[in-house]
Structure formats: structure tokens, C-alpha cells
Amino acid sequence: MNYLYDKSNYDPPAPVLPVTVRVPGGSIEQVTTEALVDTGADITCLPRALIKALRAERASSYDVFGINGVPIGPADSYFLEFEIASTKFMLEVIAVGDEPILGRNLINEFTLNLHGPAQELVVT
């Protein structure tokens, strides 16, 4: 599947994917949004407001570090179901930041081809 880079919210344009996130176990609560594809992020991050909208239950808490090991602070984790490119995954995410970020714990499940000149992301 092919997805265009987001030119509206990022300069330079960046790869994003549409994702649907829900609480596991057949919950009708779900959120569909676009998330930044970040190959430098170890773990997928979601804004607290998005997790609150899902009414997800906290699983654990971790000390989180940013670029170059700079401490960000503690962050709660949650187990959520993601649907991307018609594929569903259950994974642990942390609540941090203001935008959804897909980290390697999710994107390593796919083959991603970043076509910078065409500003297109191909997911297989």
C-alpha cells in the first residue's frame, strides 16, 4: 500500500500512516488518526488525550529517555490493538508527547520503503 508524506504538518514532509487504535477485547471505543513513522523511536508513543479517549487501563510505567539519552520522565504504558494496512497488532505503547509516533516495536512488523523524492511511503 502507498501513502503520501504529510506536507501540511511537517517541514520537510514526513512519512505518516493512518492507524486505528482500540482497547483489546472487542471494545467499541476506537480512534483513527495519522501517526508519524519514526525509525529512531524504540517504542510507539500516543498522546495521553488519545489514550484517555479509549478508556485504556494502565499496564505499567517506565522511565523514558529522548534523543541522546535526555530524560523525559516517567510514562505510563498500555496494551492496545493497532490496525495498519488491514493488519492488526497488539502491542505495548507509552503515553507521551502531543502526536502519535509509530516506533520500531510496531514498524518492524512491516517492510517500509521510503521514497523521499516522490514523498511516498510504501508498506508491504
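In which strand does leucine 114 lie? In this predicted model, leucine 114 belongs to strand S9, and the legends below take this residue and several other sites in turn.

**View 1. Leucine 114 in strand S9.** Leucine 114 has a relative accessible area of 46% and is therefore classed as partly exposed, since that class covers values between the limits of 20% for buried and 50% for exposed. The C-alpha atom of leucine 114 is separated by 9.7 Å from that of alanine 14, although the two residues are 100 residues apart along the chain.

**View 2. The aromatic pair of phenylalanine 89 and phenylalanine 110.** The count of aromatic pairs in the model comes to one. Phenylalanine 89 and phenylalanine 110 form this pair, with 5.3 Å centre to centre and 70° between the planes, an arrangement described as edge-to-face. Phenylalanine 89 is part of strand S7 (residues 87–95), whereas phenylalanine 110 sits in the loop between helix H2 (104–107) and strand S9 (112–115), so the pair ties together parts that are 21 residues apart in sequence. Both phenylalanine 89 and phenylalanine 110 are buried.

**View 3. Strand S3 and its pairing with strands S2 and S8.** Strand S2 (residues 16–22) pairs with strand S3 (residues 30–37) in the antiparallel sense, and seven bridges are found between them. Within this pairing, valine 16 stands opposite leucine 36 of S3. S3 is also joined to strand S8 (residues 101–102), here by two bridges and with the strands running parallel; valine 37 has leucine 102 in S8 as its bridge partner.

**View 4. The hairpin of strands S6 and S7.** S6 and S7 pair in the antiparallel sense over eight bridges, and one of the residues involved, leucine 80, has leucine 91 in S7 as its bridge partner. Two residues lie between the strands of this hairpin, and alanine 85, in the turn, has a positive phi of about 50°. S7 is joined to S4 as well, by two bridges, and these two strands run parallel; the bridge partner of cysteine 45 in S7 is isoleucine 94.

**View 5. The polar contact between glutamate 81 and arginine 22.** Glutamate 81 is found in strand S6, which spans residues 71–84. Its relative accessible area of 17% is the reason why glutamate 81 counts as buried, because the limit for that class is under 20%. The side chain of glutamate 81 makes a polar contact with the side chain of arginine 22, at a distance of 2.7 Å.

**View 6. Threonine 44 and glycine 103.** Threonine 44 has its place in the loop between S3 and strand S4 (45–46). With a relative accessibility of 0%, threonine 44 is classed as buried. The side chain of threonine 44 reaches the backbone nitrogen of glycine 103 at 3.1 Å.

**View 7. The largest pocket and the residues that line it.** The volume of the largest pocket is about 430 Å³. Its lining is made up of 17 residues, and those that lie nearest the centre of the pocket are Ala41, Cys45, Phe65, Gly66 and Ile72. Sorted by class, the lining comprises 10 nonpolar, three polar and four charged residues. Cys45, named here among the residues nearest the pocket centre, is also the cysteine that has isoleucine 94 as its bridge partner in S7.

Technical notes:
Residues numbered from 1 in each chain as written. Predicted model: local features only at pLDDT ≥ 70, side-chain atom pairs only at ≥ 80, totals over all residues. Heavy atoms only, no water. Phe/Tyr/Trp six-rings, centres within 6.5 Å; stacked < 30°, edge-to-face > 60°. Helix = DSSP H or I, 4+ residues; strand = E, 2+ residues; numbered from the N terminus. Buried < 20%, exposed > 50% of the residue type's maximum accessible area, 1.4 Å probe, protein only. 1 Å grid on protein atoms, 1.4 Å probe; cavity = no way out; pocket = protein on both sides within 12 Å on 5 of 7 lines; lining within 4 Å. Points joined across faces, edges and corners; volume = space filled by probe spheres on them. Nonpolar A, V, L, I, M, F, W, Y, C, P; charged D, E, K, R; others polar. Pairing = 2+ DSSP bridges. Polar contact = N/O pair within 3.5 Å; in protein donor to acceptor, adjacent residues only side chain to side chain.
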